[in-house]
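Work through the exercises below with the sequence and the 3D view open. Each task is followed by a solution in steps.

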Protein chains: 2
Amino acid sequence: MVYGAGAAGGVSSDKPFSEDGRVSEHPFDVDTSAAPVEPGLFRADLTDRWTTANKTPNGGYLTALLLRTLGTTMPVTDPLTCSVSFLKPGSPGEAQIRTSTLRSGRSITTGQATLEQNGVPIAHLVGSFIDRDASSGRTETFAQPPSLPPVDQCIDPDPSTIFEGMSILERAEYRLATPPGWALGKPSGSPSGEFWMRLEGGRPVDAYALSFMVDGYAPAVLELGEVNPATLQLTIYIHATPAPGWLACRHSTRFVRDGYHDENFELWDADGNLVAESHQFALLM
Amino acid sequence: MVYGAGAAGGVSSDKPFSEDGRVSEHPFDVDTSAAPVEPGLFRADLTDRWTTANKTPNGGYLTALLLRTLGTTMPVTDPLTCSVSFLKPGSPGEAQIRTSTLRSGRSITTGQATLEQNGVPIAHLVGSFIDRDASSGRTETFAQPPSLPPVDQCIDPDPSTIFEGMSILERAEYRLATPPGWALGKPSGSPSGEFWMRLEGGRPVDAYALSFMVDGYAPAVLELGEVNPATLQLTIYIHATPAPGWLACRHSTRFVRDGYHDENFELWDADGNLVAESHQFALLM
């Protein structure tokens, strides 16, 4: 069976995984592809390949699906920012996506996309897009990339041996300098960490993949002995398409209040550029 | 003339400035009050009391107006998160606000509000609300408040002597340990800072005031010799109603890319609690 944009009637991607003209069968390409039904309405299938500890599809996966679908309706197609509200847990199965334009400006176009299942809203995204090739201006960074050993000197934490039944753990690959405390059953009490990350099999990372990856690792609150937080709100700023290779990541939680907490996430590419950052607000379950 | 909710037919506030039963005439109360026209539609007057260097109403002011108006339509009224897209600069004058509920859950209700002038969308906000009194759970902070001398040992930078014609500078008060580089005509090159802040005249700070204050100070990029950035996206996480008194603030820009940049903002209260944090994405003009 051939998956992907062509076969499934889904939206086309500007940057398909395969560079030889074949339709990508990579799970990320297949599962973030929605089929146009009529202007402003798409049909999507949420698969069971992105299931978290909550037994529901991961928020980063839903974000990438919504952002990519919205992008197909925009006059400029490079995602710049997006902000998602998670309204109700989704379930594997059929879903609808409704899109509309909020404003089309000279250089920035902003739209919204709502994911629905059985007529109930699951997630709502607002996204802004630009033509990145037409952008220029001052560039300067006032932060340092994570301090990690080279990928080949790091360990594979293989979290699937710790968490059973979480299919999302097969969608990305991770390398760490040392095993995290939570993986050893000894949470460190310090909710932060640095690690390498890439998509399953090394599929190149585009802007849509970044929007998944910022929510694609074990939450920092696992180092507090917590499990299973539910993301309520996720805001992502995308700075650039990464250079090829693994991405160096840093995440942290800075406060927990009444169970509500933040998580901050950075992705740095092989050239030392901050390519995306995100902030999310989540609730301990 | 008596301004405010009663006199102007605006929405009521759960926490009015005056505690003696009189309607508040404080500019924040008056200018963030919108009048209901029909379900889901409000009339607002953007005043000229919040004008920035761009000669347009400040984004934090518009955020507070939208969040407060949306709050009046929600079954639970304590703002928890909000995310705003600024679509087009506003102008002092009449405006409309359209509100709708995205989802009303067991403990969290999420809605959206769009600000329009002459039929054109100016700003779009998504906000989530809870009943904070009904919230409980783990509370822990992994960051430190700003390190500032006591308020009475700090200086008043009086930025109105530097920037002319910016009415917003009269809406809040600031105290700093030392004058910022940009105020001396010598930007430091380091886009970060710490300072005290309160509303004009010491009006108590509620959640809606927090949503203004996170955008109510000179942007960190002024220390790069830049002026006049335009906010494109602003996300705010509100943790608590502050204890009375001045708020200790910290802000920073961590990257600038093609003129696009972030600004991170924290507000800490007199009890040492982080009461709000925000992240915004802006463009150098």
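**Exercise 1. How many disulfides does a search of the whole structure find over all chains?**

Solution. A disulfide is taken as a pair of cysteine sulfur atoms within 2.5 Å. By that cut-off the search over all chains gives 0 disulfides. Take A:Cys154: its sulfur has the closest cysteine sulfur, in A:Cys249, at 12 Å, which is too far for a bond. B:Cys82 is likewise in no disulfide, as the nearest cysteine sulfur, that of A:Cys82, is 16 Å away.

The model is predicted: local features need pLDDT of at least 70 and side-chain atom pairs pLDDT 80 or more, whereas totals for chains, interfaces and linings use all residues. Residues are numbered from 1 along each chain as its sequence is written, chains are lettered from A and ligands numbered from 1 in the order in which they are written, and side-chain values use heavy atoms, without hydrogens and water.

**Exercise 2. Decide whether A:Cys154 and B:Cys82 are buried or exposed.**

Solution. Buried means under 20% relative accessible area, exposed over 50%, and partly exposed in between (1.4 Å probe, protein chains only). A:Cys154 has 12% relative accessibility, so A:Cys154 is buried. B:Cys82 has 1%, so B:Cys82 is buried.

**Exercise 3. Locate B:Thr56 and list what it touches.**

Solution. In chain B, find the loop between strand 2 (41–46) and helix 3 (59–71); B:Thr56 lies there. Helices (H or I, at least four residues) and strands (E, at least two) are DSSP runs, numbered from the N terminus. B:Thr56 is buried because its relative accessibility is 18%. Leaving out residues up to four places away in sequence, B:Thr56 contacts (heavy atoms within 4.5 Å) B:Trp50, B:Thr51, B:Pro89 and B:Gly90.
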